[in-house]
Amino acid sequence: MIALMFGPPGSGKGTQASRVAVRLGVPHVAAGDMLRDEVARDTALGREAKPIMDSGGLVPDDLVVRMIEGRLGQPDATSGVLLDGFPRTVPQAVTLDAMLGRRDTNVDDVVSLEVPDDELKARILKRATTEGRSDDTAEGLAQRLVVYRQDTAPVLDHYREAGTRIEAINGVGDIDAITERIIESLKHNGAAVGNS
Ligand code: ADP
């Protein structure tokens, strides 16, 4: 199964995606984690991405697409994947669809985590004190929310218009309960899901 975990910054999509991927038995491919790894390894891509990420902007589509394309070509990702943080723009979505189309597959499901803005801000500022991510500042978050609304929210419309299943999930509450909400919703729609 090819699924996307979708949601604003601070919605918990990374946390939920890693849990849901285990249950689905597919790799969790997180664009933000891969970019932070490039930064940590001080690669050419990492050096280009770091200032953009710190300011809350988006890394250019072609760089991210190349990175994800490489990952999806790995043997463990051929039968299914849970993508987190990609696609983040409509052009990225169009490229992903074409990439999958060449293998006669497509996005089966989009999980959309819904969390009110006040809660997002509270979570990110709390995370800033524990994880020390360099983009988790009040300014960085404000910019990420603007970019989310402007560039990323239209990706959901893109898949809605394509007739892809969209699971709207309430992302507020207990972490385990939210995972179960997602799993139930995917099961309901025919996904093969294992037990925790
Ligand atoms: P969050 O959803 O909390 O903002 P992520 O870890 O998904 O966190 O992303 C962190 C940053 O990495 C983004 O603000 C952006 O700069 C960059 N990034 C991640 N995924 C993409 C993508 N698909 N396209 C462009 N930039 C990306």
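Trainee: Let's start with Arg 66. Is it buried, partly exposed or exposed?
Mentor: Arg 66 is exposed, with a relative accessible area of 53%. Exposed means over 50%, buried means under 20%, and partly exposed is in between, using a 1.4 Å probe and protein chains only. Keep in mind that this is a predicted model, where local features need pLDDT of at least 70 and side-chain atom pairs count only at pLDDT 80 or more, while totals for chains, interfaces and linings use all residues. Residues are numbered from 1 along each chain as its sequence is written, and side-chain values use heavy atoms, with hydrogens and water left out.

Trainee: Which side chain does Arg 66 meet in a salt bridge?
Mentor: That's Asp 62, at 3.9 Å from N to O. A salt bridge here is a side-chain nitrogen of Lys or Arg within 4 Å of a carboxyl oxygen of Asp or Glu. Asp 62 is partly exposed, at 47% relative accessibility.

Trainee: And how far apart are Arg 66 and Asp 62 in helix 4?
Mentor: They're four residues apart in helix 4 (residues 61-72), so about one helical turn separates them. Helices (H or I, at least four residues) and strands (E, at least two) are DSSP runs, numbered from the N terminus.

Trainee: How many salt bridges does the count come to?
Mentor: The count is 19. One of them joins Arg 41 and Asp 37, whose closest N and O atoms are 3.0 Å apart. Arg 41 is partly exposed at 49%, and Asp 37 is partly exposed at 37%.

Trainee: What about Asp 136 and Arg 144, buried or exposed?
Mentor: Asp 136 is buried at 4%, and Arg 144 is buried at 10%. Those two form a salt bridge with N and O atoms 3.2 Å apart at the closest. Through shared partners, salt bridges join Arg 127, Arg 133, Asp 135, Asp 136 and Arg 144 into one network.

Trainee: Switching topic: what's the volume of the largest pocket?
Mentor: About 1100 Å³. Of its 45 lining residues, the closest to the centre are Gly 10, Lys 13, Gly 14, Arg 127 and Arg 133. Helix 6 gives the largest share of the lining, eight residues.

Trainee: How are pockets and cavities defined?
Mentor: On a 1 Å grid over the protein atoms alone, a cavity is a set of points where a 1.4 Å probe fits but cannot get out, and a pocket is an open set with protein on both sides within 12 Å along at least five of seven lines. Lining residues have an atom within 4 Å of a point. Grid points are joined across faces, edges and corners, and the volume is the space filled by probe spheres set on the points.

Trainee: OK, how many cavities of 30 Å³ or more are there?
Mentor: There's one, and the largest cavity has a volume of about 70 Å³. Its lining includes Phe 6, Lys 13, Phe 86, Pro 87 and Tyr 148. Strand 1 (2-6) gives the most to that lining, with three residues.

Trainee: Phe 6 and Tyr 148 both have rings. What kind of pair do they make?
Mentor: A tilted one, since the ring centres are 6.1 Å apart and the planes sit at 50 degrees. Rings of Phe, Tyr and Trp (its six-membered ring) pair if their centres lie within 6.5 Å; planes under 30 degrees apart are stacked, over 60 edge-to-face, and the rest tilted. Phe 6 is in strand 1 and Tyr 148 in helix 7, so the pair ties together parts 142 residues apart in sequence. Both residues are buried.

Trainee: You also named Pro 87. What kind of peptide bond joins Phe 86 and Pro 87?
Mentor: A cis one, with omega about -5 degrees. Pro 87 is in the loop between strand 3 (81-84) and helix 5.

Trainee: Last one: where does Asp 104 lie?
Mentor: In the loop between helix 5 and strand 4.
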